[in-house]
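Keep the coordinates open as you read.

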Amino acid sequence: MPLIARNIRTKERVNVFRFKDPKQELKKEDLECPFCHQPFFIRGGVGTSVRAHFAHYTDCSSD
Ligand SMILES: [Zn+2]
């Protein structure tokens, strides 16, 4: 499960652990996979039993 994303607008790396509630604090429209550049969304986190992480809509060869 990817923990680092890339912010499309700022070009910065985004570490999911730096956010208390990534789903609220990050815009998924801004996030992409740093390897395959496909869009990311956020899975898990606050209110779930799964630690927050990024996920692809489609398969990524880097996973
Ligand atoms: Zn990818």
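This is a predicted model: local features need pLDDT of at least 70, side-chain atom pairs count only at pLDDT 80 or more; totals for chains, interfaces and linings use all residues.

Cys 33 has a relative accessible area of 1%. That value is under 20%, so Cys 33 is buried. How many disulfides does the model hold? The count comes to 0. A disulfide would be a covalent bond between the sulfur atoms of two cysteines.

Take Val 16 as a way in. Leaving aside neighbours within four places in sequence, Val 16 touches Leu 3, Pro 22, Ala 52, His 53 and Phe 54. Of these contacts, look next at Phe 54.

Now the rings. The structure holds 2 aromatic pairs. One is stacked: Phe 40 and Phe 54 sit 5.5 Å centre to centre, with 0° between the planes. This pair links distant parts of the chain, 14 residues apart. Phe 40 lies in strand β4 (residues 40-43), and Phe 54 lies in strand β5 (residues 53-56). Both Phe 40 and Phe 54 are buried.

How do the planes of Phe 41 and Tyr 57 lie? They meet at 40°, so this pair is tilted. The ring centres are 4.8 Å apart. Again the pair links distant parts of the chain: Phe 41 is in strand β4, while Tyr 57 is in the segment after β5, 16 residues apart. Phe 41 has a relative accessible area of 18%, so Phe 41 is buried.

Which polar contacts does the side chain of Glu 32 make? One, of 2.6 Å, joins it to the side chain of Arg 6. Another, of 2.8 Å, joins it to the side chain of His 37. Glu 32 lies in strand β3 (residues 31-32). Its relative accessible area is 10%, so Glu 32 is buried. Beyond four places in sequence, its contacts include Ala 5, Ile 8, Gln 38, Pro 39 and Phe 40.

Finally, the record. An unreviewed UniProt entry lists residues 24-61 as "domain: Competence protein CoiA-like N-terminal". In the model, that span is 5% helix and 26% strand. Its end C-alpha atoms lie 28 Å apart.

Notes:
Residues are numbered from 1 along each chain as its sequence is written. Side-chain values use heavy atoms; hydrogens and water are left out. Contact means heavy atoms within 4.5 Å. A disulfide is a pair of cysteine sulfur atoms within 2.5 Å. Buried means under 20% relative accessible area, exposed over 50%, partly exposed in between (1.4 Å probe, protein chains only). Rings of Phe, Tyr and Trp (its six-membered ring) pair if their centres lie within 6.5 Å; planes under 30 degrees apart count as stacked, over 60 as edge-to-face and the rest as tilted. Helices (H or I, at least four residues) and strands (E, at least two) are DSSP runs, numbered from the N terminus. UniProt positions are given in the numbering used here, feature names are shortened, and annotations may be inferred rather than shown by experiment. A polar contact is a pair of N or O atoms within 3.5 Å; within protein, one must be able to donate a hydrogen and the other to accept it, and residues adjacent in sequence count only if both atoms are side-chain atoms.
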